[in-house]
Amino acid sequence: MHTILPIRHQPPIPLDKVILRDPPSAEAIEMDVLVVGGGPAGLACAIELAQLVKRDQESGGGMPDLSIGVLEKAESLGEHNLSGAVVNPRAFRELFPDLHPSDFPFRQPVSAEAVYFMTERRAQRIPTPPTMHNRTFYTASICEIVRWLGERAEALGVNLFAGFPVEALLVEGTAVRGVRTTPSGLDRTGQPGPSYAEPTDLTGRVTIVAEGTRGLLGQAWREWQKVGSANPQLFALGVKELWEVKRPLEAVIHTLGWPLPTDAFGGSFMYPLGPSQVALGLVVGLDYHDAHLDVHELLQRLKLHPLFRRQLEGGQLLEWGAKTIPEGGYHALPQRKSGDGVLFIGDTAGYVDVPSLKGIHYAMQSGMYAARATFNALKAGAPTAAALAACDRMVNESYIVRDMYRTRNMRLAFKDGLYLGGMMAGMMTVTGGRFPGGRIEMPEDARTPRTTSAPAEPFTPDGRLTFGKLDAVFKSGNATRDTIPSHLIVGKEVSGEVAEFYAHVCPAGVYERVGDELRVNPPNCVDCKATDVLGPRWTPREGGSGPKYRGM
Ligand SMILES: Cc1cc2nc3c(=O)[nH]c(=O)nc-3n(C[C@H](O)[C@H](O)[C@H](O)COP(=O)(O)OP(=O)(O)OC[C@H]3O[C@@H](n4cnc5c(N)ncnc54)[C@H](O)[C@@H]3O)c2cc1C
Ligand code: SF4
């Protein structure tokens with residue numbers, strides 16, 4: 001038996017490359033407000049801000065036009081977004097009060113739901129825990145939501161810069177003054193090739209960071225500004241597939257138990273997306289103990305269970321993808337989500353309620369609060385840290401933090417295994433979060449030791465119902481240029497065992513153990529950020545690289 005402590009092999013955040021004190025270049029594009037990330041948080045923020053300006057001007061308030069720019073690393077909006085998804089429409093209703101739910105980009109209302117406890121052969125239906133009730137909500141594809149929000153933002157005059165990954169914050173003193181995008185056209189050694197394009201600098205009076213889960217800019221800014229949290233942020237990895245099926249799925253399904261070991265936290269979901277499609281996914285907390293645990297492979301095994309097989313048989317895999325989810329909850333929220341000239345919203349701030357697996361409406365709502373704080377600060381003339389802190393106050397007094405407070409210890413209770421965690425979570429539900437009181441302390445995921453025992457029984461995909469990682473990456477639409485330089489920073493002293501651990505962590509086959517060496521295949525990366533949590537650091541690469549999700 002061999003024990004691996006992931007943090008020992010993890011390189012530090014490249015702070016000197018992410019927080020830049022250089023003055024912006026002479027050709028910098030000047031905007032009033034920059035939003036990094038065109039997901040639900042960033043787009044809801046841009047829409048709300050543009051609407052506030054419009055309403056103010058219509059009522060004679062005197063607010064001048066604001067130039068708002070959204071920078072997104074995907075080549076086209078939606079291509080890097082992945083979710084379940086069952087959506088609580090609350091934030092949509094507030095952002096678009098004149099629209100009816102049938103106008104929103106949802107697939108169907110949730111009409112029935114079921115939760116199962118799984119063993120390898122059986123699925124035992126159990127009562128739906130109160131935190132998992134989804135009636136009055138809708139199933140949806142986040143790619144479609146993002147494209148729809150993008151159209152609304154564009155119609156309001158927002159500038160959408162798709163294919164522009166941000167690699168650094170431009171700072172002056174403690175203030176954020178803008179961003180620098182990645183260069184493109186570098187060759188494998190990092191030298192400019194024939195299609196080289198320089199990075200672009202953009203300046204903004206306010207920069208709103210909406211970069212999603214495990215954001216590099218957010219991590220770097222918090223380390224630089226020494227912004228802590230009571231508990232470290234925790235993450236889960238979700239691997240998801242979209243299937244064309246022969247018969248409609250009747251209910252939203254969640255499962256617990258098999259194929260996860262009892263000392264890992266997680267579960268699966270299958271959601272109906274209209275008459276002929278289903279979304280299927282497995283989410284596993286990255287504090288699991290077995291170094292050979294492989295979330296992609298567990299999802300493949302899950303599909304062989306009768307509960308899923310009978311739904312998928314005769315169907316076809318349309319898309320595959322993966323993404324992490326911040327799941328540390330209330331106790332992992334940063335002490336500050338705002339600073340001089342900067343705000344953090346959505347997943348990068350950690351606004352996800354794990355027991356209900358919901359983040360989309362919190363991301364959008366936090367974006368709307370950021371827009372209101374920005375609008376007021378600009379109207380008053382100075383987007384100082386004190387003025388932008390209004391966003392933190394709005395979030396703290398809202399249902400975002402209220403919901404997260406109610407479930408504050410639920411995910412944390414599972415650190416001692418499924419059975420004890422399940423019992424404690426039940427008590428927490430009954431007492432509205434008051435049991436056990438206080439805060440359950442957690443180490444960051446990379447500080448949980450992993451043990452390797454005997455090599456796991458190899459799994460052979462059949463290419464029909466189950467797929468290997470390379471076929472899966474093909475189904476993500478990833479067509480990254482294979483001459484791209486590596487965007488992954490690998491630590492020192494990576495032994496054969498550690499290389500094998502990374503190979504299991506990464507759902508996209510980026511890492512391979514070759515003898516006692518680590519081989520890295522960067523173009524395969526789908527930006528899920530799992531190894532950023534447990535191993536090599538992820539950094540942004542040339543715009544348009546990575547997956548091209550359409551209906552995830
Ligand atoms: C498997 C899974 C299932 C889920 N199920 C549900 C569900 O059923 N219901 C629900 O409500 N929530 C669900 N969630 C959570 C939900 O998807 C997120 O909370 C939500 O998407 C967060 O929105 P966001 O805008 O903060 O981040 P994202 O949606 O991740 O958007 C961030 C955007 O920023 C871009 N970006 C990142 N870095 C950069 C950079 N450096 N430069 C430029 N652009 C950048 C990304 O490409 C992306 O488009 C699920 C998540 C997962 C992974
Ligand atoms: S290398 Fe890319 S795809 Fe693999 S785990 Fe890391 S971020 Fe995810």
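Me: Does Thr 182 count as buried or exposed, and why?

Reply: The general idea is a threshold on relative accessible area: buried means under 20%, exposed over 50%, and partly exposed in between, with a 1.4 Å probe and protein chains only. Thr 182 counts as buried because its relative accessibility is 8%. Thr 182 lies in the loop between strand E13 (175-181) and strand E14 (184-186). Helices (H or I, at least four residues) and strands (E, at least two) are DSSP runs, numbered from the N terminus.

Me: On what kind of model do these values rest, and which conventions apply?

Reply: This is a predicted model, in which local features need pLDDT of at least 70 and side-chain atom pairs count only at pLDDT 80 or more, while totals for chains, interfaces and linings use all residues. Residues are numbered from 1 along each chain as its sequence is written, chains are lettered from A and ligands numbered from 1 in the order in which they are written, and side-chain values use heavy atoms, with hydrogens and water left out.

Me: How many residues of helix H6 are buried?

Reply: Helix H6 spans residues 295-302, and six of its eight residues are buried, so that the helix is mostly covered. The buried residues in H6 are Val 295, His 296, Leu 298, Leu 299, Gln 300 and Leu 302.

Me: Which contact is found at the start of H6?

Reply: A polar contact is a pair of N or O atoms within 3.5 Å; within protein, one must be able to donate a hydrogen and the other to accept it, and residues adjacent in sequence count only if both atoms are side-chain atoms. At the start of H6, a side-chain oxygen of Asp 294 comes within 3.3 Å of the backbone nitrogen of His 296.

Me: Where is His 305 found?

Reply: His 305 is in the loop between H6 and helix H7 (306-312). Its relative accessibility is 2%, and therefore His 305 counts as buried. A polar atom of the His 305 side chain lies 3.1 Å from the backbone oxygen of Arg 122.

Me: Why does Ser 338 count as buried?

Reply: Ser 338 counts as buried because its relative accessibility is 2%. Ser 338 belongs to strand E23 (residues 338-339). The side chains of Ser 338 and Asp 392 are joined by a polar contact of 3.4 Å.

Me: Which residues come nearest to ligand 1?

Reply: A residue is near a molecule or strand if one of its heavy atoms lies within 4 Å of it. There are 35 residues around ligand 1, of which Glu 72, Ser 83, Val 86, Val 166 and Asp 347 come nearest. An N or O atom in the side chain of Asp 347 is 2.7 Å from an oxygen atom of ligand 1. A polar side-chain atom of Asn 81 is 3.2 Å from an oxygen atom of ligand 1. A nitrogen atom of ligand 1 lies 3.2 Å from a backbone N or O atom of Leu 357.

Me: In which cavity does ligand 1 sit?

Reply: On a 1 Å grid over the protein atoms alone, a cavity is a set of points where a 1.4 Å probe fits but cannot get out. A molecule sits in a cavity if more than half of its atoms lie within 2 Å of its grid points. Ligand 1 sits in the largest cavity. Helix H2 (40-58), strand E5 (68-72), strand E22 (316-326) and helix H8 (360-380) are the elements that give two or more residues to the shell around ligand 1. E22 gives the most, with three residues.

Me: How does the shell around ligand 1 divide by class?

Reply: Ala, Val, Leu, Ile, Met, Phe, Trp, Tyr, Cys and Pro count as nonpolar, Asp, Glu, Lys and Arg as charged, and the others, Gly among them, as polar. The shell around ligand 1 has 18 nonpolar, 11 polar and six charged residues. The shell around ligand 2 divides into nine nonpolar, one polar and one charged. Residues around ligand 2 include Cys 506, Tyr 511 and Lys 529. The space that ligand 2 takes is the second largest cavity.

Me: Which residues does the cis peptide bond with omega of about 5° join?

Reply: That cis peptide bond joins Trp 258 and Pro 259. Pro 259 lies in the loop between strand E19 (252-257) and strand E20 (266-272). Another cis peptide bond, with omega of about 0°, joins Gly 84 and Ala 85.

How values were computed
On a 1 Å grid over the protein atoms alone, a cavity is a set of points where a 1.4 Å probe fits but cannot get out, and a pocket is an open set with protein on both sides within 12 Å along at least five of seven lines; lining residues have an atom within 4 Å of a point.
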